[in-house]
Amino acid sequence: MGDNRLYISSPNAVMLCVNRVEDLCIKGCYYTSYAREGTPVRNMSEFCYDLENFFDGLAYPRESTNIRTFKNCRTKTVNREKRVKMMKDDELLSKHGDLGTFLINVQHRQNSSWQGKITWVEKNESVNFRSVWEMVSLIGSALDNVGQNTEHSADWQAEIDAAAADANAVESGTEAGEGASDKA
């Protein structure tokens, strides 16, 4: 789990512990280092809404776009208070769900979405995500494969392969996705 420690110390690190899936909704809780108790998760949309408010409260990562409105009203005000860490990194890493555990680190909030890194703790596999939708899809894909004897889920393997291809392209000095027709 050495790789996970690289970003568990991030101020906005979140540990999602999934205990069960009912009617296509995940059930469990999530933990941050700012609270001793976990916050219940009843579905992904509620989880994402809670995290957005959490990031707003931390003012980290900062939003790159503002909420637009055509109404004559004030923009949202967020209570940005100094937060005190209540849980050590090792304690946060010790939290686990019955079906799966995911360490989420949102590094950017650009284009009205999130970009960051997610680690499937049980498999010790990390993947970068480019949007909230992609993060949710990766979690769903991982949970679909719980109990199967596969090394990775298809979506996780595709992301790992794409990241390896991008790294190879950078090393060789070519652009990722450049094909033979591009060189002609």
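Reader: What is the relative accessible area of Arg-36?
Author: A quick note first: this is a predicted model, in which local features need pLDDT of at least 70 and side-chain atom pairs count only at pLDDT 80 or more, while totals for chains, interfaces and linings use all residues. Residues are numbered from 1 along each chain as its sequence is written, and side-chain values use heavy atoms, leaving out hydrogens and water. Buried means under 20% relative accessible area, exposed over 50%, and partly exposed in between (1.4 Å probe, protein chains only). Arg-36 falls in the partly exposed class, with a relative accessible area of 45%.

Reader: Which residue does Arg-36 meet in a salt bridge?
Author: A salt bridge here is a side-chain nitrogen of Lys or Arg within 4 Å of a carboxyl oxygen of Asp or Glu. The N to O distance for Arg-36 is 2.6 Å, and its partner in the salt bridge is Glu-91.

Reader: How many residues apart in sequence are the parts that the pair of Glu-91 and Arg-36 ties together?
Author: Helices (H or I, at least four residues) and strands (E, at least two) are DSSP runs, numbered from the N terminus. The side chains of Arg-36 and Glu-91 meet in a salt bridge. Arg-36 sits in the loop between E2 and E3 and Glu-91 in helix H3, so the pair links parts whose separation in residues is 55.

Reader: Are Asp-56 and Arg-109 buried or exposed?
Author: Happy to look at this pair too: the side chains of Asp-56 and Arg-109 form a salt bridge at 2.9 Å, N to O. Asp-56 belongs to helix H2 and Arg-109 to the loop between E4 and E5, so parts 53 residues apart in sequence are tied together. Both residues, Asp-56 and Arg-109, are buried.

Reader: In what order do the 6 strands form the open sheet?
Author: The protein has 6 helices and 6 strands, and along the sequence they follow the pattern α-β-β-β-α-α-β-β-β-α-α-α. Two strands count as paired if DSSP finds at least two bridges between them. The pairing in this open sheet is antiparallel, and the order is E3-E2-E1-E4-E5-E6.

Reader: Which strands stand at the edges of the sheet?
Author: The sheet is open, with 6 strands. Two of its strands have a single partner each, so one side of each lacks a neighbour in the sheet: these are strand E3 (39-41) and strand E6 (125-129).

Reader: What angle does the direction of helix H4 make with that of E4?
Author: Axes are lines fitted to C-alpha atoms, for helices over the stretch in contact (heavy atoms within 4.5 Å), and angles run from 0 to 180 degrees between N-to-C directions. Within the sheet, neighbouring strands are turned by 25° against each other on average, direction ignored. Helix H4 (residues 132-144) packs on the sheet, touching E1, E2, E4, E5 and E6, and its angle with E4 is about 165°.

Reader: What is the relative accessibility of Asn-111?
Author: Most residues other than glycine have a negative phi, and most peptide bonds are trans. Asn-111, in the turn of the E4 and E5 hairpin with 6 residues between the strands, has a positive phi of about 55°. Asn-111 counts as exposed because its relative accessibility is 67%.

Reader: Which residues does the cis peptide bond join?
Author: Pro-61 lies in the loop between helix H2 (44-58) and H3. Omega is about -15° in the cis bond, which joins Tyr-60 and Pro-61.
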